[in-house]
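I opened this notebook to record what I look up in one structure, entry by entry. The model goes in first and the notes follow.

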Amino acid sequence: MVFKVVAIIAVLFIVYLLFFKRSRENEINNNKKRAKENKIEEVMEECPTCKTYISKKEAILSNGKYFCSKECLK
Ligand SMILES: [Zn+2]
């Protein structure tokens, strides 16, 4: 009887460890992904028309060049 209880606790503990490990791995992967996304936002590109530096996220991509606004795109 005591052995049964110990076995159940051991199984529950292993399941808990596996679940905890998996959720931690997901968290680490999410952090890595987020760091990568932040890096893209931080990259600055020079607008070929007005020479202003703008982040790639805000820039308008046209013919492989990053423009700060639609006015510069013309
Ligand atoms: Zn511009």
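**Entry 1: K51**

I looked up K51 and found it exposed, because its relative accessible area is 52% (exposed means over 50%, buried under 20%, partly exposed in between, with a 1.4 Å probe and protein chains only). K51 lies in the loop between β1 (44-46) and β2 (53-55). Here I note how elements are assigned: helices (H or I, at least four residues) and strands (E, at least two) are DSSP runs, numbered from the N terminus. The phi of K51 is near 65°, a positive value in a residue other than glycine.

**Entry 2: ground rules**

The model is predicted, so local features need pLDDT of at least 70 and side-chain atom pairs count only at pLDDT 80 or more, while totals for chains, interfaces and linings use all residues. Residues are numbered from 1 along each chain as its sequence is written, and side-chain values use heavy atoms, with hydrogens and water left out.

**Entry 3: N63**

I checked N63 next. N63 has a positive phi of about 50° although it is not a glycine. Its place is in the loop between β3 (60-62) and β4 (65-67). N63 counts as exposed because its relative accessible area is 80%.

**Entry 4: the zinc ion**

Which residues are the protein donors of the zinc ion? I found C47, C50, C68 and C72, each through SG, lying 2.2 to 2.3 Å from the zinc ion. Donors are N, O and S atoms within 2.8 Å of the metal (3.2 Å for Na, K and Ca); water is not among the atoms, so sites may look incomplete.

Along the chain, the donors follow the spacing C-x2-C-x17-C-x3-C. The angles among the four donor atoms are 102 to 117°, and the site is tetrahedral. For four donors, that word requires all angles to lie between 85 and 135 degrees.

I also looked for disulfides, meaning pairs of cysteine sulfur atoms within 2.5 Å. The structure holds zero disulfides.

C50 counts as partly exposed because its value is 35%, and C68 is partly exposed because its value is 25%.

**Entry 5: surroundings of C47**

C47 sits in the loop between β1 and β2. Not counting residues up to four places away in sequence, C47 touches T52, Y66, F67, C68 and C72; contact means heavy atoms within 4.5 Å. I also noted the distance from C47 to I60: they are 13 residues apart in sequence and 9.4 Å apart in space, C-alpha to C-alpha.

E46 is found in strand β1. It is partly exposed because its relative accessibility is 35%. Leaving aside neighbours within four places in sequence, E46 is in contact with K51, T52, Y53 and Y66.

S55 is in strand β2. It counts as buried because its relative accessibility is 10%. S55 and Y66 are eleven residues apart in sequence and 9.0 Å apart in space, C-alpha to C-alpha.

**Entry 6: the whole chain**

I then stepped back to the whole protein. It has two helices and four strands. From the N terminus on, the elements run α-β-β-β-β-α.

Along its principal axes, the C-alpha trace spans about 80 × 15 × 15 Å.

Buried residues make up 9% of the 74 residues. Of the contacts with a separation of 6 or more, 2% are accounted for by residues 24 or more positions apart. The accessible surface comes to about 6800 Å², of which 61% belongs to carbon and sulfur atoms. Accessible areas come from the Shrake-Rupley method with a 1.4 Å probe; for residues, only the protein chains shown count as cover.

Terms used:
Tetrahedral: all angles 85-135°; square planar, octahedral: opposite > 155°, others 65-115°.
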